[in-house]
Amino acid sequence: MRFDASGRLPEAFLTPGGSSFMDFLAGHAPDLLPGRRDLGLGDLNGTLSRDVPHGTTIVAATFPGGVVMAGDRRATMGNIIAQRDIEKVFPADEYSCVAFAGTAGLGIEMVRLFQVELEHYEKLEGTTLSLDGKASRLTALIRGNLPMAMQGLAVVPLFAGYDPDIEGGRIFSYDPTGGRYEERAFHSVGSGSLFARGALKKLHRDDLSETEAVTVSIQALIDAADDDSATGGPDMLRRIFPVIGVVTADGYRRLPADEVGALVDTVMDARHQRPDGPAAPLT
Amino acid sequence: MSVPFYVSPEQLMRDRADFARKGIAKGRSAIALQYADGILFVAENRSPALHKVAEIYDRLAFAAVGRYNEFENLRIAGVRLADMRGYSYDRRDVTGRALANAYAQTLGAIFSSGGEKPLEVEILVAEVGVSTAEDTIYRLTYDGSIADVRGYAVMGGPAEQVAEYVGEHYSEGISLAGALRLAVDALGHDGTEIRQLEPDQIEVAILDRSRTQVRKFKRISDETLARILSESRPDTSPSEPAAHTEAAETVNGGNYESESTDDAPVAPPAEDDTPIAPPEDPDADRPL
């Protein structure tokens, strides 16, 4: 960022332009954009990815009137647990939330920029973007990170929000090249996502209540932690529980830790009887 | 070769100041008022789309009068500056003082440079604090003068007359409904005849410190406004001339203000009632 010694607003600030903060940064201070830094290291074959913290598993599930997003709290660095209380689920704006799996440093920066991007548009235009519009902005952000992804520092976000047009929640998943896919009912990303998806498949129904959808997400995360060493399960000793965000017509709400704790306790009690979790009917 | 006429610097600045002030006085007034839980903005504005009051950041709002294209450009620059600072530092590091300074430098530089037309705008930058004592309102004029205002500020149109009315009736710690009633009445006391403004003729927004969200700015819809206003009776008594209040004064950067009052409160032009929204507006050139 260039500072003008006179204190006068720099010319770029007064130049008419679009409503995108990312585009403004690209023109005025490109070094502030995540993914624009040239590592100059060529293909690292993933060696770098072992030396920086990685976020692991995120799940999202819809229920009538909204959507739930939950993330475990572990960040890993190769075989080391880098952090046991990292947060990977964030509100993107009042009616949507975003979470990431992959390189934690880039992911957090990307989420911050995405939040500013949505707020900036809202302030300049006096209206909010449509949910599809927000999802498209996230595509642009991931695409900017493609060079880093090619060097082993990929970030894969998951985006969900409340769409007033259908009066319900919607989920969008992405790939590291910026591909955007709308998901039906539920989705998971990150290293434990395969196990989480299996659990979601068996437990998710279309008529879940909000609390039931939250419970399904917790079950899926516990199943992921059960089989994936990089995913952290609920830490019963330190009382560190998944971060869970719920988006409904009333906006984004992060569930308080004691509320999540109570649900986790119930789930864990049942797992003392049946460690693999609830059994689904055969037919 | 023609020799340009000599114009003294004083005369030049005076002319530029007169030009800007005439432009601003042609519009309609806007008021910012401190109330118990924050800062209230009320502006006479018949357009539902072109705003005179807007959000800049969590605790910061912007209000302006004058030429729409000019202050809209300043508003966008302010949002960019605030978002840029918030993104590169932290949300708490975006302050009204920094923004007001940047505006003052910009306005001052444009005013004193010969090449550019002075901006026909007057703006307010307001920051809501954790208590009334920590609220700050900065008032900036076309020449880059900046004043730290307490209580209330009025700008644009016949600002002195409106400020006089507010000064007579304002008290510290006023409720939101009370402040709103006062501001709407004050906007109606801007000429020889008292006007009764309807909710769709005014734009209202607040910086509400009691809001739980980080973003304290909130627009008040016409319906809510109509409900609040219907609960209080309008004041129809003509305002009496009172002593000039301190808050209505601005600090002038120099002696550019001419002594003459020929262009001070100008009666609103006859076509004042026409909507300002372009392109149907035959008088689209007129400042907001």
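Visitor: Which strands form the open sheet in chain B, and in what order?
Guide: The order is β3-β4-β5-β6-β7 (chain B), five strands with antiparallel pairing. Strands here are DSSP E runs of at least two residues, helices are H or I runs of at least four, both numbered from the N terminus; two strands pair if DSSP finds at least two bridges between them. The model is predicted, so local features need pLDDT of at least 70 and side-chain atom pairs 80 or more, while totals for chains, interfaces and linings use all residues. Residues are numbered from 1 along each chain as its sequence is written, with chains lettered from A and ligands numbered from 1 in the order written.

Visitor: And which strands stand at the edges?
Guide: β3 (53-57) and β7 (146-149) of chain B; each has a single partner strand, so one side of each lacks a neighbour in the sheet.

Visitor: How many bridges join β5 to β6 in chain B?
Guide: Five, between residues 121-127 and residues 136-140, running antiparallel. Leu124(B) stands opposite Arg139(B) in β6(B).

Visitor: Switching topic: how many residues of chain A are in contact with chain B?
Guide: 17 of chain A, with 18 of chain B; contact means C-beta atoms, placed from the backbone, within 7 Å.

Visitor: Which helix of chain A gives the largest share of that side?
Guide: α3(A), with six residues. α1 (11-14), α2 (21-28) and α3 (104-125) of chain A each supply at least two.

Visitor: What about chain B overall, how many helices and strands?
Guide: Six helices and 10 strands.

Technical notes:
Two residues are in contact if their C-beta atoms, placed from the backbone, lie within 7 Å.
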